[in-house]
Amino acid sequence: PRSTPLYSSAASDVYKRQDIKWTVQPQTIVNEIDVTQPELQLSIDGPEVMTYGDTEIVVVRVSNTGNGDAEDVVLKISPGIERGQSIGVLPVGASKVVELELTAEQPGSMPIQAAVSVSGVEHDKKSLDIQIKRPELAVTVDGPAKKFAGNPVTYRIEIANTGDTTAKDIVVSAVLPPEAKYKDGNDQLQTGHRNLSWKIGSVAPASTRAFEFSCVLMLSLIHI
């Protein structure tokens, strides 16, 4: 007779469990963190060109465009505030404006530089180059070197602008010697008019203006 193998129920369960696979996945946890920080921006508004001797206003603006207040804000501007100006706290969306009065004292380029920092850390910097132009006037006087006393003589004064910008509100002055008499536009001699002046307006770069005047000389010297 053929025998049949016997298996216990416990052993059968063991064999069945060998085919089972387990997968364990951890639960995902997401935390949202709001980060607030200041964001400072600079702007400089001023002329690009100035004339020598003129005074203009340069406006420097600091704005906080971030989502957090800025503390210990310091603004430096050169020339003007090289050591820095403390602004303190600059809230979100706020701005601080600093105005500088600058006089063009040297021809050429005048750079304006600004930098802003928060707690010692630089956030932004801007620069503006202003070109300083200057008129240069040259005066020449033409007339006879010698003339008989008592006879009228005519002198020609010429003003040339050799600079790079227009000279405005020009006044030319002449001092006659004591013995000279000025001859006006009506050919009348004027005594006591030694100090003469003429307003000739403006002279553009690389241009000249000229005019003449007459007088009766006892001396041949005129100071212009």
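This section describes strand pairing and the surroundings of one valine in a predicted model.

An open sheet of 3 strands is arranged in the order S1-S3-S6, and its pairing is antiparallel. From one strand to the next, the twist averages 15°. Within this sheet, strand S3 (residues 55-64) is joined to S6 in the antiparallel sense over 9 bridges. Arg61 is found opposite Val97 in S6.

A further antiparallel pair is formed by strand S4 (residues 70-78) and strand S5 (residues 81-90), which are linked over 5 bridges. In this pair, Ile77 lies opposite Ile81 in S5. The hairpin of S4 and S5 has 2 residues between the strands, and Gly80 adopts a positive phi near 130° there.

Val118 belongs to strand S7 (residues 108-118). The relative accessibility of Val118 is 9%, and this residue therefore counts as buried, the limit being under 20%. When neighbours within four places in sequence are left aside, the contacts of Val118 are Leu40, Ala70, Glu71, Asp72, Val73 and His123.

Terms used. Residues are numbered from 1 along each chain as its sequence is written. This is a predicted model: local features need pLDDT of at least 70, side-chain atom pairs count only at pLDDT 80 or more; totals for chains, interfaces and linings use all residues. Side-chain values use heavy atoms; hydrogens and water are left out. Two strands pair if DSSP finds at least two bridges between them. Helices (H or I, at least four residues) and strands (E, at least two) are DSSP runs, numbered from the N terminus. Buried means under 20% relative accessible area, exposed over 50%, partly exposed in between (1.4 Å probe, protein chains only). Contact means heavy atoms within 4.5 Å. Axes are lines fitted to C-alpha atoms, for helices over the stretch in contact, and angles run from 0 to 180 degrees between N-to-C directions.
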